[in-house]
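This report describes one structure for a reader who has not seen it before. Please look at the sequence and the model first.

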Amino acid sequence: MEQRISLITLAVEELPRAVQFYQNMGWQAVQTGPGVAAFNMNGTVFGLYPWDSMAQEMGLDPELEMRPRTTLGYNVREKAEVAQILEAAETHGGAILKPAHDIFWGGHSGFFADPDGHMWEVAFNPFSPVAADGKFHWSTDQDTTQA
């Protein structure tokens, strides 16, 4: 696992309200829609995602009292790397929250928690490849909205 964070995602109650807030702060979204908002940063992507959708994707109860509000994203260059990194995390004391799986929009991901419970998503996104230098940018050509 290379030393980088590709994506920091905040779980939000109302996606349009959250997007408007960051746009009012002067940020420019590269994608906004019913399912996700993404802002390209300096080699990292800042994402907003509805809490109910995040909970469903992770297999968590959306009614949890102590809701996790952040996931760290680590994007990989090849689909097979997702399972490899999840396995390494588990070997070194982490816990698999959701095994590697295909996603409805064409990607592949899985989730793990580090020994302190911080949640990571490991993802292969064929529409936004990781550059040779490790930088990740959200492609404006991808459609990650649910059908």
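Just after helix 1, Gly-26 has a positive phi of about 100 degrees. Helices (H or I, at least four residues) and strands (E, at least two) are DSSP runs numbered from the N terminus. The model is predicted: local features need pLDDT of at least 70, side-chain atom pairs count only at pLDDT 80 or more, and totals for chains, interfaces and linings use all residues. Residues are numbered from 1 along each chain as its sequence is written, and side-chain values use heavy atoms, with hydrogens and water left out.

**Helix 1**

Leu-15, Ala-18, Val-19 and Tyr-22 of helix 1 are buried. Seen down the helix axis, the buried residues fall within an arc of 100 degrees, so they line one face of helix 1; the arc is that of the directions from the axis to the C-beta atoms. Buried means under 20% relative accessible area, exposed over 50%, and partly exposed in between (1.4 Å probe, protein chains only). On the other side, Pro-16, Arg-17 and Asn-24 are exposed. The cover over the buried residues includes strand 1 (7–12), strand 2 (31–32), strand 3 (37–40) and strand 4 (45–50), where contact means heavy atoms within 4.5 Å.

Phe-21 also belongs to helix 1 (residues 15–24) and is partly exposed, at 45% relative accessibility.

**Cores**

The largest nonpolar core has 15 residues, and Val-45, Trp-51, Met-54, Met-58, Phe-136 and Trp-138 have the most contacts inside it. Strand 1, strand 4 and helix 2 (51–58) each supply at least two residues of this core, and helix 2 gives the most, with four residues. A second, separate core of 10 residues includes Ile-85, Ala-89, Val-122 and Phe-124. Such a core is a set of buried Ala, Val, Leu, Ile, Met, Phe, Trp, Tyr and Cys residues joined through side-chain atoms within 4.5 Å.

**Salt bridges**

The whole structure holds four salt bridges, each a side-chain nitrogen of Lys or Arg within 4 Å of a carboxyl oxygen of Asp or Glu. The table gives three of them, including Glu-2 with Arg-77, Arg-17 with Glu-14 and Asp-102 with Lys-79.

| Pair | N to O distance |
|---|---|
| Glu-2 and Arg-77 | 2.6 Å |
| Arg-17 and Glu-14 | 3.6 Å |
| Asp-102 and Lys-79 | 3.0 Å |

Asp-102 lies in strand 6 (residues 95–102) and Lys-79 in the loop between strand 5 and helix 3, so this pair ties together parts that are 23 residues apart in sequence. Glu-2, Arg-4 and Arg-77 are linked in a network of salt bridges.
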